[in-house]
Amino acid sequence: MKNHSDKTNLTVITTHINADFDAMASMLAAQKLYPGSLVVFPGSQEKNLRNFFIESMVYLFNMADMKDIDFSKIRRMILVDTRQPHRIGKLASLLKRRDLEVHTYDHHPSAPNDIKGNYNVSRLTGATITILTEILSQKGIDISPEEATIMCLGIYEDTGCFTFPSTTEDDFRAAAFLLSKGANLNIVSNLISREISPEQVSLLNDMIQAANRYNIADMEISVTSITTEHYVPDFAFLVHKLVKMENLDAIFAIARMEDKIYVVARSRSSEVDVGTILGHLGGGGHTYAAAATIKGKTLAQIEHELVETLYASIKSRRLARDLMSSPAITVAGDISCKSASELLNRYNINALLVTKNQEGSQKKNQLVGFITRQVIEKALYHQLGHVAVQEYMTTELAMVGLDSDLTEIQEKIIEHKQRLLPVIDQDHIVGVITRTDLLNVLVRQTQHKMGNALDPLSEAVPARTRNIVRFMKERLTKRLLKILDTIGKVADQTNYNAYVVGGFVRDLFLYRANEDIDIVIEGDGIAFAKAYAKMVGGRIHAYAKFGTAVIIFPDGFKIDVASARMEYYKFPAALPVVEMSSIKLDLFRRDFTINTLAIQLNPKRFGTLIDFFSAQIDIKEKTIRVLHNLSFVEDPTRVFRAIRFEQRFGFSIGKLTSGLIENAVKMDFFKRLSGRRVFAELRQILEEENPTLALVRLNDYELISVIHPTIILNKELIALFNSVKKVLAWYDLLFLEDSYMKWTVYFLMLICNCGKKTTDEICTRFELAPRYRKIFTRERFDADNCLAWLERNVPIKNSKLYDKLFNFKIELILYMMAVSKQETVKKAISQFITGLKNIKVAVSGKDIKKVGLEPGPIYRQILQAVLKAKLNGELKTRKDELIFIRNYVS
């Protein structure tokens, strides 16, 4: 090492004791930000530099030994990957000097005893080198491939190759940038995924044998300890291996090496913050990874202190507020047992809380007991359905507060043998926890330890949430973002929670454009809509029966607003009865899991994605699944939507869902559907980009007969649908101003083999409007007759073709073009659409009058003659038309 005692105004870069790859990479990056600085390890830690650095990369560091530096000449100290004074060894003594300038770069959470530098850069990322890489990129400082490799190594190690929960989007971006600078992933892979040596296998075995397991606040935590005569540089690597092997929530590994004790901790749950816990022992780190170096204590002392700290620090976050269902379903004590039974079936629950109205008191609904399904069923069996529930309810019941933990909840449900446990806040019933809720939590714990996962649809699971503001900014227009932001602010002003839900959120993750905004309000949706419309200068159409409204902006843009509601069905295929509810119950009423995503819009939680029913998993797996097994019983039209979404997105219908569709067909629930509802779903299918595939799937489930029993989807009809698709694609590419109803053309083809009587029956069943009935009955048969004439007589003069086709609607003309098997007829119809249809004469009645004829029926005859001649190519200019008129009159 070179002697640096003769230099003045030194800048030194340092990190924590037991530097890892992230620390080393961060020192290298800092060295590029501070040219001429010296890299100093906070102790004799060069042994931590693995062979890779020592043998091939150490030349990149302007490294100095601490004993060769005169501390009095240090004027600036750069700290990377730590802000803890006890983790920088002897260099901590410099912090007492007032003339010392300190700069810090760190990715760990802030702690009370952090060093407060003159310049601080701190952000929660997976690695500190991520922060420094961004700075180098912004400043345009060049990075060599060797430097990029070291920096990339720091990111890979500290993020567990991007698998640790602490990994962020910034880590991926930084790694991508370093890869663009030539980082060698083969070197990174060899160092990160290295094989375990025989000595390490022995140490790993010792750690497993010495492990003690503690269940603290429902978390499985392992504490193990070993002793070695020499320093083991890869101890943290072994601890990480052990976490994976044993499937632990958290592990604390204590090792005596030479004259020091080292503690390395890893956690897979934010409930066990290892950085905070080891902070009590003089160490540091972040929530998921931390370390400490301790002198002057025995292994037994350290383990005893650690376990005490664990019990003091880890508190259960499974509180009543997280487990409860809200709102609680309650009944008044004076309602009959028969009415209570209907409520139990409606909400699919097994017990009801019973309340009593107290007049003249602030406690409008006092909780007085609960009654179970078993009790009510017995009352009904004994012909006591007319008796009030308060006569048979259980009046002795335990309850909990919002912050009651899992242990208290478990004790009260089990000891009191209660089917459900009310959650009370300030004398108000805010929710309820059932025995099933408790059982699900306990089973999830057990299965998590066994490495299994629960079916998110069959078990009540808490919502998965994450913030997607950045993703929204990338995907949405500025206008849409502003609208959503304003909605959240107005919701706050009206004391409601606001969410954007359904297809808008689904398509966000499918990278599909969708500006159909559906807003759900936890509260009065109509009152919110009025407040929002007033703010943006819009107007609303409200539907009080359903608690919904449509907000119409001055430019015509629309937003649908609904009060959070649940629906129940009085019998299969009935229209739903609507009641107010929470966002969770509102989402549960929806058709498929992929449509249950919600994004909260209130300012404090703006951009928080809420996923109660594993919608993200189903979107990733491209699967259509219902939320419960009676979904198609309640609303058979969901079958049509399942098939429509399957074909639109290229998904597949889940095995269970497919079986439930077959069951619905077998039970013939579609017979009860009104024709209008069937037609509404069929029309949406026919509006899809390629309806043929969906119609084939309908046929697979034997559902084409729902349209009419005589319709058979055979190869010939499928070929005709494909012909329609080609014709419409051709027409769309013409970019003509004439719009058309796509579904109408496909529907014409669907019934092309139906006679007049059958067609009338279909139109009557579907309750079609008179204008549509006219197209599908009289005008369709006229088109069929016209097509038959064309197929017998083409080629014909343009004027004759014009006369035959001009009075038909464009949908019927496209239908004829698609259904015809003769190419000459198709070309003739094509010629009419692209050329003849829009030919107009240049002359008018005024020109005829100038020739000397008095106005009358003859004018129309003359103009038609001009048009006929022009269609046949005999007239090119207005002058030709005027000459034609004079000759015609003479």
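Hi everyone, let's start with the buried residues of α30: Tyr772, Ile775, Phe776, Thr777, Glu779, Arg780, Ala783, Cys786, Leu787, Trp789 and Leu790. Please keep in mind that we are looking at a predicted model.

What do those buried residues pack against? Their partners are α25, α28, α29 (756-765), α31 (798-805), α32 (810-819) and α33 (823-834).

Now for the helix itself. α30 covers residues 770-793, which makes 24 residues. From the first C-alpha to the last, α30 reaches 33 Å, close to the 34 Å expected at 1.5 Å a residue. Where is the kink in α30? Look at Glu779: a kink of about 40° is centred there, and Glu779 is also among the buried residues.

Next, the rings. Searching the whole structure gives 28 aromatic pairs. One of them joins Phe679 and Trp743 edge-to-face, with 5.3 Å centre to centre and 75° between the planes. Phe679 belongs to helix α25 (residues 675-686) and Trp743 to helix α28 (residues 742-750), so this pair ties together parts that are 64 residues apart in sequence. Are these two buried or exposed? Both Phe679 and Trp743 are buried.

That pair belongs to one aromatic cluster, made up of Phe679, Trp743, Phe747, Phe766, Tyr772 and Phe776.

Last, two charges over rings. The charged end of Arg780 sits over the ring of Phe781, 4.3 Å from the ring centre. Lys804 places its charged end over the ring of Trp789, at 4.4 Å from the centre.

Note on methods. Residues are numbered from 1 along each chain as its sequence is written. This is a predicted model: local features need pLDDT of at least 70, side-chain atom pairs count only at pLDDT 80 or more; totals for chains, interfaces and linings use all residues. Side-chain values use heavy atoms; hydrogens and water are left out. Rings of Phe, Tyr and Trp (its six-membered ring) pair if their centres lie within 6.5 Å; planes under 30 degrees apart count as stacked, over 60 as edge-to-face and the rest as tilted. Helices (H or I, at least four residues) and strands (E, at least two) are DSSP runs, numbered from the N terminus. Buried means under 20% relative accessible area, exposed over 50%, partly exposed in between (1.4 Å probe, protein chains only). A charge sits over a ring if NZ of Lys or CZ of Arg is within 6 Å of the ring centre and within 35 degrees of the ring normal. The expected span of a helix is 1.5 Å times one less than its number of residues. The bend at a residue is the angle between axes fitted to the seven residues ending there and the seven starting there. Contact means heavy atoms within 4.5 Å.
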